[in-house]
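Subject: Structure handover

Hello,

Here is the structure I promised to pass on. Please open it alongside these notes.

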Amino acid sequence: MLIERIWSGNSLRNFHYLLACPQSGEALAVDPLEWRLCLDAARRRGWQITQILNTHEHHDHTGGNAGLKAATQARVLAHAGAATRIGGVDVGLTAGDLVRVGRSVELECLDTPGHTMTHVCLLSHTEQPALFCGDTLFNAGAGNCYNGGEPHALYRTFATQLARLPDATRVYPGHEYLARNLEFTLDREPGNPDAPALLEAARRHQPAESLVTTLAQEKKINSFFRLQNPEVLARLRALFPDLDERPDAETVFVKLRELRNRW
Ligand SMILES: [Zn+2]
Ligand SMILES: [Zn+2]
C-alpha cells in the first residue's frame, strides 16, 4: 500500500490521505476536504481516485465529497449510521467490513464511537499496520466530544480497540495537533521522559513534515493512554480533590478530556 499524506494548509490543520494500490494505481481518499489538493496529488503520482472515505460526518471531513466525486466519479464510503447525515454515501460501513483498493490493498473498518457516535477508523492489513483514525486519536491526543460525541464511549474505544492494536501500528489522524497535544501531556505529566524531545522536534517541523507516530510511541507520550501514571493521577487529584485515591482508568480519561476542553 502506498500512502500519500496531504497537508491542507487550512486553519483547521486537516490532513488528507491517499491510499493507493501500487499494482493498479487505484486510490482511496480519506476525508478529502481540500479535494483539489488530493486530485493534484493523485495526478502527480499517476493514480486514479476511485473511492472516498469519510471517517465521520463533520463537515471538515465531508466537505470535499461533492467536488471530488464530480471530478472522479469515485464511490463514497462512510459509517452506515452517518450516511443520511452526510448524504451521497454509496457504501455504508459497519465494524469488520473490508475496504479494498485495487488488487493489493485491504483495510479493515473499525467502529470507533466517541468523537461522534458514528465514526470509523481504517486499519491496513499490511506488515506494519497503519491506522487512519480521523478525529478519534490524534498524535499525542484524543478527539473532543462536544459536537455529537461522548467521552465514556471514547474511553471504551481507546481501551478496548486502539490500545490493543500492535505497538508498531502507525497513526494517521485527521488533523495536525502534535505540538499542542505534547504541551498538554507535559502540563499533566511534567516528568514525562519522552515528550520534551518530541515537542522540540514538532516545533521545528513544518506541519507538512510532521512526525508520524506509532502506537508504542503514543503509549509513552499521549496522556489518554497513561491513565494510571502516578504523576498524571497526583496532578489530577490536586485539581479534583473528591477523586478516589485510586480512580479507575475511565474516570481519569473523562477528567483528562474535560481538562483538555478548556486547556
Ligand atoms: Zn470531527
Ligand atoms: Zn476534524
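Below are my notes on the metal sites, the aromatic rings and the cysteines.

This is a predicted model, in which local features need pLDDT of at least 70, side-chain atom pairs count only at pLDDT 80 or more, and totals for chains, interfaces and linings use all residues. Residues are numbered from 1 along each chain as its sequence is written, chains are lettered from A and ligands numbered from 1 in the order in which they are written, and side-chain values use heavy atoms, with hydrogens and water left out.

**Zinc ion (ligand 1)**

Four residues coordinate the zinc ion (ligand 1): His56 (NE2), His58 (ND1), His115 (NE2) and Asp135 (OD). The distances run from 2.1 to 2.3 Å. Donors here are N, O and S atoms within 2.8 Å of the metal (3.2 Å for Na, K and Ca); water is not among the atoms, so sites may look incomplete.

The spacing of the donor residues in sequence is H-x1-H-x56-H-x19-D. The four donor atoms subtend angles of 91 to 167° around the zinc ion (ligand 1), so the arrangement is irregular. On the cut-offs: four donors count as tetrahedral if all angles lie between 85 and 135 degrees; four count as square planar and six as octahedral if opposite donors are over 155 degrees apart and all others between 65 and 115; anything else is irregular.

His115 sits in the loop between strand E8 (105–111) and strand E9 (120–124). Asp135 sits in the loop between strand E10 (130–134) and strand E11 (137–138). The pair therefore ties together parts that are 20 residues apart in sequence. Helices (H or I, at least four residues) and strands (E, at least two) are DSSP runs, numbered from the N terminus. Both His115 and Asp135 are buried. Buried means under 20% relative accessible area, exposed over 50%, and partly exposed in between (1.4 Å probe, protein chains only).

**Zinc ion (ligand 2)**

Asp135 bridges the zinc ion (ligand 1) and the zinc ion (ligand 2), which are 3.5 Å apart. The zinc ion (ligand 2) is coordinated by Asp60 (OD), His61 (NE2), Asp135 (OD) and His175 (NE2). Those distances are 2.0 to 2.3 Å. The site of the zinc ion (ligand 2) is irregular, with angles of 87 to 157° among its four donor atoms. Along the chain its donors follow D-H-x73-D-x39-H.

Asp60 and His175 link distant parts of the chain, 115 residues apart. Asp60 is in helix H2 (residues 59–62). His175 is in the loop between strand E13 (170–173) and helix H6 (178–188). Asp60 and His175 are both buried.

**Aromatic rings**

There are twelve aromatic pairs. Rings of Phe, Tyr and Trp (its six-membered ring) pair if their centres lie within 6.5 Å; planes under 30 degrees apart count as stacked, over 60 as edge-to-face and the rest as tilted.

One of the pairs is Trp7 with Phe15, edge-to-face at 5.8 Å centre to centre and 70° between the planes. Trp7 is partly exposed, at 23% relative accessibility. Phe15 is buried, at 2%.

Tyr17 and Tyr172 have ring centres 5.5 Å apart and planes at 80°, so this pair is edge-to-face. Tyr17 is in strand E2 (residues 15–20) and Tyr172 in strand E13, 155 residues apart. Tyr17 is buried at 2% relative accessibility, and Tyr172 is buried at 6%.

Ring pairs also link Tyr155, Phe158, Phe184, Phe224, Phe225, Phe253 and Trp263 into a cluster. Phe253 is in helix H10 (residues 249–261). Its relative accessibility is 0%, so Phe253 counts as buried. Leaving out residues up to four places away in sequence, Phe253 touches Pro151, Leu154, Tyr155, Phe158, Phe224 and Leu227. Contact means heavy atoms within 4.5 Å.

Two charges over rings are worth a look. Arg260 has its charged end over the ring of Phe184, 5.7 Å from the centre. Lys255 lies over the face of Phe240, at 4.4 Å from the ring centre. The rule requires NZ of Lys or CZ of Arg within 6 Å of the ring centre and within 35 degrees of the ring normal.

**Cysteines**

The count of disulfides is zero. A disulfide is a pair of cysteine sulfur atoms within 2.5 Å. For Cys21, the nearest cysteine sulfur is that of Cys38, 19 Å away. The sulfur of Cys38 is 17 Å from the closest cysteine sulfur, in Cys133, too far for a bond. Cys21 is buried at 0% relative accessible area, and Cys38 is buried at 0%.

Best wishes
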